Structures are given as C-alpha cells and as structure tokens.
Amino acid sequence: MEEVMILGSGPAGLTAAIYAARANLSPLLVTGSELGGQIATTTDVENFPGFPEGLTGPQMYELMLKQAERFGTRVEYDEVTGVDLTQGPPFRVKTHSTEYQTKAVIIATGARPRKLGVPGENQLIGRGVSYCATCDGFFFRGKELIVVGGGDSALQEGLFLTKFATKVNIVHRRDQLRAGPTLQARAARNEKINFIWNTVVTEIVGNGAVRAVRLKDVKTGHEYERPIDGVFVYIGHLPNTHLFQGQLDMDEEGYLIVDNRLHTSVPGVFAAGEVHDRIFRQAITSAGFGCMAAMEAEKYLAALEDRLQPVPAAVSR
Ligand SMILES: Cc1cc2nc3c(=O)[nH]c(=O)nc-3n(C[C@H](O)[C@H](O)[C@H](O)COP(=O)(O)OP(=O)(O)OC[C@H]3O[C@@H](n4cnc5c(N)ncnc54)[C@H](O)[C@@H]3O)c2cc1C
C-alpha cells in the first residue's frame with residue numbers, strides 16, 4: 001500500500017515529489033512516457049527563478065529529479081494505463097507492469113499543445129517553432145513572426161509578441177476570428193498585427209532554424225512560400241485526462257476541476273499543473289501547484305490516519 005502516488009514527471013509532478021518526500025511520505029512517482037514533461041522538450045528556459053543564466057529543459061528535469069530522489073522519492077519509469085478512483089482509499093493505479101494501491105493520488109499528467117501536424121514542425125520546435133509566447137517571445141526581438149489560430153489565445157499571444165517582433169502575421173483558416181470582440185478590437189488597433197485570412201500553414205521550412213513557411217489559400221488553392229523568423233501555434237491545448245473520464249469532474253475541454261486547494265471531485269485525489277490549469281501554463285506555476293497538492297495530500301493523509309486510530313481517553317488534570 002502506497003501513501004501517495006504522483007502521476008507525471010513534469011515540473012508539477014517533480015515538485016509534488018520533492019514536497020511529499022520531505023514530508024516523509026516516500027512518494028512513488030510514475031514518470032509517463034515524456035520524461036520531464038513539456039519543459040524537457042525545450043532548449044532554453046530563461047524565466048525559471050534561481051537560474052540567472054538560464055538552463056535547458058532537460059537540465060531542469062535532471063535537477064528536479066535529483067532533488068526529488070535525494071529526499072526519498074521512488075521513481076517508476078512506466079506509464080499509468082488505468083485507475084480506479086471511485087472506491088477509495090485505497091485507490092487503484094495500474095501501469096504497464098504493476099497494479100498499485102494507494103491512499104492518495106496527485107495527478108500531474110499535464111497537457112500538450114495541439115500541433116499543426118505539418119512537415120518541419122517537430123524538427124523545428126525550440127528552433128523557431130513555439131507554443132508559448134510568454135516563454136519564447138523574448139528570443140524574437142526585431143524578428144517577423146507568424147501566429148497560427150483565430151481564438152482568444154492566438155490574439156492574446158500575438159499581441160504579446162508585438163512587444164518584441166517587428167511584425168506579427170496572424171494566419172487563420174477562416175475569414176472571421178473566434179476571439180472575443182475586445183481582443184479583436186485591440187488587435188485591429190495594433191499596427192504591428194497583420195491578418196492573413198483563409199489560409200493554412202502546409203510546411204515549416206528551415207534547416208536548424210525556421211526560415212520560411214509554406215502557406216495555402218484555402219479558397220483559391222494557391223500555395224506559396226513566405227520567409228519568416230518564427231511560428232507560434234495556438235490552435236488549442238489538450239489536457240492528458242482521458243484516464244480519469246467518468247471518475248473525476250472535468251470541464252468541457254477535459255481539464256480537471258479542482259477547488260482552490262487542488263482537491264478534485266474525489267477526496268484523496270489531487271491535481272497539479274497544466275492538467276487543471278488552462279491559464280498560466282508555465283513551469284514555475286506548475287511547480288507551485290505541485291507544492292500545493294503535496295501539502296494538501298499530506299494533510300489528507302494525516303486526517304485519514306486520525307480516523308483509523310482508536311480515540312484515546314481524554315487527558316485531564
Ligand atoms: C516547447 C515548450 C517550451 C516551453 N518553454 C517554457 C519556458 O521557457 N518557461 C516556462 O515556464 N514554461 C515553458 N513551457 C511550458 C511548461 O513546459 C509547462 O507549463 C510545464 O511543463 C507544465 O508542467 P506539468 O508538470 O503540469 O505538465 P507537463 O510538463 O505536461 O508534464 C506532464 C507529465 O505527465 C506525464 N504523463 C502523461 N500521461 C501519463 C500517464 N498516463 N501516466 C504517467 N504519466 C503521464 C508525462 O509523461 C509528463 O511527464 C514550455 C512548453 C513547451 C511545450
């Protein structure tokens with residue numbers, strides 16, 4: 001019987017592990033197939049406090065992992081394939097190799113940006129292709145960019161990028177945006193923003209760094225290459241929550257619903273990071289949520305222990 005299992009090895013899961021381990025809970029962390037989570041896919045992290053020179057995503061993962069293990073976290077390099085959270089504690093967690101029982105669970109399975117799925121995209125991530133303006137905008141001072149998408153995120157991030165870029169071209173497959181009217185008005189007022197309507201990206205071109213995109217006008221079928229320095233993609237985020245469907249409350253997009261102490265709809269099951277946070281989506285905020293979830297799990301386990309112990313006679317003087 002485990003005290004607490006942590007699902008996911010991104011900043012949220014590893015920070016939860018550090019806190020849970022330092023609370024003497026000897027947590028078991030299941031990494032999932034993406035060791036280190038999304039941050040481990042990037043080359044430059046310049047906004048995580050404590051690293052004034054920056055560091056790479058894989059370095060951040062290694063350091064967090066080392067810190068979690070130093071205090072007694074046990075790490076399973078496996079993936080959770082099923083859970084039963086309906087009748088617990090104990091909850092059941094199944095991986096490819098083992099079935100576990102645990103008194104508490106911290107879900108930190110994160111999310112993933114929806115990709116364009118075009119040639120060049122995967123090879124050029126971190127080399128001009130990005131899914132996060134807050135993370136990478138700073139690297140594009142004086143450059144010309146493309147933002148793909150037509151919703152609130154595309155406009156919000158596009159507007160943010162105008163702080164650095166000379167020009168931000170918003171490529172949208174339709175001739176109307178889904179974004180709210182205030183953002184649309186703000187974008188229309190911004191001289192650095194240019195809309196390219198009825199158009200999709202068919203390829204991202206570059207050898208080691210983005211050099212151009214191939215664009216296709218969906219009305220005329222005309223396809224052409226356009227030189228560009230960077231491509232920011234905002235066509236949605238997908239939380240990794242399919243395992244919990246029907247067991248935990250989720251919103252319409254599949255993000256776990258938590259209260260302000262990160263309790264999910266099942267007592268004893270907590271969520272941390274992008275699996276519930278659709279707003280901030282940063283390594284530091286995810287790490288913060290990991291800390292909170294572990295502290296709450298510790299309190300939950302202490303209360304559970306109280307319930308199982310016989311009540312001693314009142315001490316009187
Ligand atoms: C290219 C890129 C660059 C970025 N750059 C920055 C940056 O510079 N600064 C910054 O602050 N943020 C950056 N971000 C955002 C940051 O990476 C995320 O906010 C952060 O990683 C979210 O952490 P998380 O722990 O919530 O989830 P994730 O990082 O998404 O980690 C999820 C974890 O859950 C695991 N998992 C999933 N399913 C299962 C399962 N079934 N069983 C077990 N485990 C599972 C995965 O293997 C993974 O380890 C960047 C993101 C991307 C994509």
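Me: Over how many bridges do S8 and strand S15 pair?
Reply: Keep in mind that this is a predicted model. S15 covers residues 230-233, and S8 covers 129-130. The two strands pair in the parallel sense, and the number of bridges is 2.

Me: Which residue in S15 is the bridge partner of Ser-130?
Reply: Ser-130 has its bridge partner in S15, a strand that pairs with S8 in the parallel sense. That partner is Phe-232.

Me: Which strands are at the edges of that sheet?
Reply: The sheet is open and has 5 strands, in the order S8-S15-S9-S10-S11. The pairing in it is parallel. An edge strand pairs on one side only, and here those strands are S8 (129-130) and S11 (193-196).

Me: H4 packs on this sheet, but what angle does its direction make with that of S9?
Reply: H4 touches S9, S10, S11 and S15.

Me: Are H1 and H2 roughly parallel or roughly antiparallel to each other?
Reply: H1 is residues 11-22 and H2 is residues 57-70. Their axes come within 8 Å and cross at roughly 20°, and the crossing is left-handed. Angles under 35 degrees get the parallel label, and therefore H1 and H2 are roughly parallel.

Me: How many charged residues are in the contact of H1 with H2?
Reply: On the H1 side you'll find Pro-11, Leu-14, Thr-15, Ala-17, Ile-18 and Ala-21. The H2 side brings Tyr-61, Met-64, Leu-65, Gln-67 and Ala-68. Sort them by type and you get 9 nonpolar and 2 polar, while the charged count is none.

Me: At roughly what angle do the axes of H1 and helix H6 cross?
Reply: H6 covers residues 283-308, and its axis comes within 7 Å of the axis of H1. The crossing is right-handed. As for the angle, the axes cross at roughly 40°.

Me: How many nonpolar residues are in the contact of H1 with H6?
Reply: H1 brings Pro-11, Ala-12, Thr-15, Ala-16, Tyr-19 and Ala-20 to this contact. H6 meets them with Ala-283, Ser-286, Ala-287, Gly-290, Cys-291, Ala-294 and Met-295. Besides 3 polar and no charged residues, the nonpolar count is 10.

Me: How many residues lie between S4 and S5 in their hairpin?
Reply: S4 (residues 80-84) and S5 (residues 91-95) pair in the antiparallel sense over 4 bridges. The number of residues between the two strands is 6.

Me: Which residue does a cis peptide bond join to Pro-90?
Reply: Pro-90 sits in the loop between S4 and S5. In that loop you also find Pro-89, which a cis peptide bond joins to Gly-88, with omega about -5°. Pro-90 has a cis bond too, with omega about 0°, and its partner is Pro-89.

Me: By how much are neighbouring strands turned against each other in the sheet S12-S13-S14?
Reply: This is an open sheet of 3 strands with antiparallel pairing. Its edge strands are S12 (199-206) and S14 (223-227), and 5 bridges join S13 (residues 210-217) to S14. On average, with direction ignored, neighbouring strands are turned by 25°.

Me: Which loop does Asn-198 lie in?
Reply: Asn-198 isn't a glycine, yet its phi is positive, near 50°. Its place in the chain is the loop between S11 and S12.

Me: Is the aromatic pair of Phe-138 and Phe-164 stacked or edge-to-face?
Reply: The count of aromatic pairs comes to 6. In this one, the rings are 5.9 Å apart centre to centre, with 75° between the planes. The two residues are 26 apart in the chain, Phe-138 in the loop between H3 and S9 and Phe-164 in the loop between H4 and S10. Planes over 60 degrees apart get a label of their own, so this pair is edge-to-face.

Note on methods:
Residues are numbered from 1 along each chain as its sequence is written. This is a predicted model: local features need pLDDT of at least 70, side-chain atom pairs count only at pLDDT 80 or more; totals for chains, interfaces and linings use all residues. Side-chain values use heavy atoms; hydrogens and water are left out. Axes are lines fitted to C-alpha atoms, for helices over the stretch in contact, and angles run from 0 to 180 degrees between N-to-C directions. Angles under 35 degrees count as roughly parallel, over 145 as roughly antiparallel, 65 to 115 as roughly perpendicular and the rest as oblique. A crossing is left-handed if the near helix is turned anticlockwise from the far one by less than a right angle, and right-handed if clockwise. Contact means heavy atoms within 4.5 Å. Ala, Val, Leu, Ile, Met, Phe, Trp, Tyr, Cys and Pro count as nonpolar, Asp, Glu, Lys and Arg as charged, and the others, Gly among them, as polar. Two strands pair if DSSP finds at least two bridges between them. Rings of Phe, Tyr and Trp (its six-membered ring) pair if their centres lie within 6.5 Å; planes under 30 degrees apart count as stacked, over 60 as edge-to-face and the rest as tilted.
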